[in-house]
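Me: Please take a close look at one part of this model, the place where the ligands are held. I would like one connected account, with the cut-offs behind each term.

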Amino acid sequence: MSNLLQGVNLYLIGMMGVGKTTIGRLLAKELGYGFVDTDDVIAQATGKSINQIFTDEGEAGFRQLESDVLSQVCAFTKLTIATGGGIVLRRENWGYLHHGLIVWLDTPVEIIYSRLAEDTTRPLLQDADPKGKLRSLLEQRTPLYSQADLHITEREGDTPEDVAKLVLEGIPSILKTQVSY
Ligand SMILES: Nc1ncnc2c1ncn2[C@@H]1O[C@H](COP(=O)(O)OP(=O)(O)OP(=O)(O)O)[C@@H](O)[C@H]1O
Ligand SMILES: O=C(O)C1=C[C@@H](O)[C@@H](O)[C@H](O)C1
Ligand SMILES: [Mg+2]
């Protein structure tokens, strides 16, 4: 598979909690690729948690940092990149994402909610109605996530390894056709 990919980066997009970080790590290992998580790079570069950045600089400040990181990461090859759930919101980010193959990990809201109900590290979920918030974010973002090259729908009971396998099986169908003269 890594031969087929020829070093092209894989970008994982999707809602918070769908498993971009978890599955991204598995895919990197399987492909012999490096792994980058844009949320982690932002936290390391600023020395702040994502929550703290939202508090200090607002969502707009966070989104700018996210675009800065993405613009730098896309200059490298042989990477699997787990992105933040909102990376799809800025038009300029799509120019960077399209340097590689874009995979949308799509998980039912009920499952996401059960995973993140006790998790306080996602600032956008610190809401009186976190499940409703997840639903409305997903509704707003679905037209954006739909622009991915590959759409992987997680099934009930799928382990991270199962989802990684679905991604690997889907890649050949989206590789740009090689033209030989
Ligand atoms: N298929 C799965 N089955 C069970 N648990 C999973 C699965 N995928 C991810 N998880 C768990 O769900 C939680 C969220 O996963 P993860 O952090 O990888 O999501 P994410 O998409 O990177 O979220 P964010 O956008 O907020 O960074 C983690 O605790 C992870 O272990
Ligand atoms: O869905 C979102 O907008 C976010 C998801 C996380 O990955 C972080 O990037 C941050 O919590 C925002
Ligand atoms: Mg993540």
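Reply: The lining of the largest pocket is made up of 11 nonpolar, 12 polar and 10 charged residues. In this division, Ala, Val, Leu, Ile, Met, Phe, Trp, Tyr, Cys and Pro count as nonpolar, Asp, Glu, Lys and Arg as charged, and the others, Gly among them, as polar. The model is a predicted one, in which local features need pLDDT of at least 70 and side-chain atom pairs pLDDT 80 or more, while totals for chains, interfaces and linings use all residues. Residues are numbered from 1 along each chain as its sequence is written, chains are lettered from A and ligands numbered from 1 in the order in which they are written, and side-chain values use heavy atoms, without hydrogens and water.

The volume of the largest pocket is about 580 Å³. Among its 33 lining residues, Met16, Gly17, Lys20, Asp39 and Arg122 are the closest to its centre. A pocket here is an open set of points on a 1 Å grid over the protein atoms alone, where a 1.4 Å probe fits and protein lies on both sides within 12 Å along at least five of seven lines; lining residues have an atom within 4 Å of a point. Points are joined across faces, edges and corners, and the volume is the space filled by probe spheres set on them.

At least two lining residues come from each of H2, H3 (38-46), H4, H6 (109-116) and H8 (160-174). Helix H4 gives the most, five residues. Helices are DSSP runs (H or I, at least four residues), numbered from the N terminus.

Ligand 1 takes up the space of the largest pocket, and ligand 2 sits in that pocket too; sitting there means that more than half of a molecule's atoms lie within 2 Å of the grid points.

Ligand 1 is surrounded by 16 residues, of which Gly17, Lys20, Thr21, Thr22 and Arg122 are the closest; a residue is counted if one of its heavy atoms lies within 4 Å. This shell divides into four nonpolar, six polar and six charged residues, and helix H2 (residues 20-31) gives the largest share, three residues.

Around ligand 2 are Met16, Asp39, Ile50, Phe62, Arg63, Gly84, Gly85, Gly86, Pro123, Leu124 and Arg141. Five of these are nonpolar, three polar and three charged. Helix H4 (residues 50-73) supplies the largest share of this shell, three residues.
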